[in-house]
Amino acid sequence: YVCSTWGNNHFKTFDGDIYQFPGICEYNFASDCRESYKEFSVHIQRALNSNNHPEIQYILLTIKDFTVYLRPKLVVVDEQIVKTPYYSSEMIIESNDIYSKVYAKLGLILIWNQEDALMVELDSKFNNHTCGLCGDYNGLPIYNEFINGDVNYNSITYGNLQKINKPNARCEDPDETQAISSCNEHRDECERLLNSSAFADCQFRLNLEMYIQACMQDKCACNGNEDSFCLCSTISEYSRQCSHAGGRPGEWRTQDFC
């Protein structure tokens, strides 16, 4: 029941599809999309940082009638800057130098590392009721996100469809014909990293192959430049998701690695 985004434009839907989408606009990440009263929405604004890596600049969260605006080290509720921990009848918000977390009573948990990585966990009562980059949460990978009736979308077309249209937005849609090519190299290295003894408690909790594929994409995208963002973001995500699933990853960072 977890949707996430991290690192080099990776997204994982509630239904388990992992795809890459390089858009730098404001997007519907996950929302209640029933026609009548919508219980929540999560919008994200992405941009490239000074190192040319994608990051989330802010998150706009609505929970029933509350509006929460999150930036690194800043929490605004209904247009008032608030101190954390913040408590209301509908939610708890925690924030420190490393994470912002929102626990909403209606069945949503949001965790953001204030950089590239965002995770939303959603109660199963929202099955088949969501839309956005996180998909429709119907339990079927591919269907109704990338295959909708007779239409096949690539990941960039799908991502562009989730853009929030704002009159003064300065951002270009990524070119839908430039779908990110798959990468078949570096499997051995990615398997070695993700199968390390530090992750012994993780392998049965998560779909390891998804993270191997994401790691391979990262290695190809880096073209041999070993900046830490390349590899560390997917391994960090694997470690985070393992912890979230109840696992206990060991110490995998070293002086020389990440």
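1. Start at the hairpin of strand 13 and strand 14. Five residues lie between these strands, and Gln 114 there takes a positive phi near 65°. Strands (E, at least two residues) are DSSP runs, numbered from the N terminus. This is a predicted model: local features need pLDDT of at least 70, side-chain atom pairs count only at pLDDT 80 or more, and totals for chains, interfaces and linings use all residues. Residues are numbered from 1 along each chain as its sequence is written, and side-chain values use heavy atoms, leaving out hydrogens and water.

2. Look at the partners of strand 14 (residues 118-122). Strand 13 (residues 108-112) runs antiparallel to strand 14, joined by five bridges. Two strands pair if DSSP finds at least two bridges between them. Glu 121 in strand 14 is the bridge partner of Ile 109. Strand 1 (residues 2-6) also pairs with strand 14 in the antiparallel sense, over four bridges. Here Ser 4 stands opposite Met 119.

3. Strand 14 is mostly covered, with four of its five residues buried. Buried means under 20% relative accessible area (1.4 Å probe, protein chains only).

4. Now the cores. A nonpolar core is a set of buried Ala, Val, Leu, Ile, Met, Phe, Trp, Tyr and Cys residues joined through side-chain atoms within 4.5 Å. The largest has 42 residues; Phe 29, Leu 108 and Leu 118 are among those with the most contacts inside it. Strand 6 (residues 54-63) gives the largest share, four residues. A second, separate core has 22 residues, including Leu 194 and Ala 214.

Terms used. Buried < 20%, exposed > 50% of the residue type's maximum accessible area, 1.4 Å probe, protein only.
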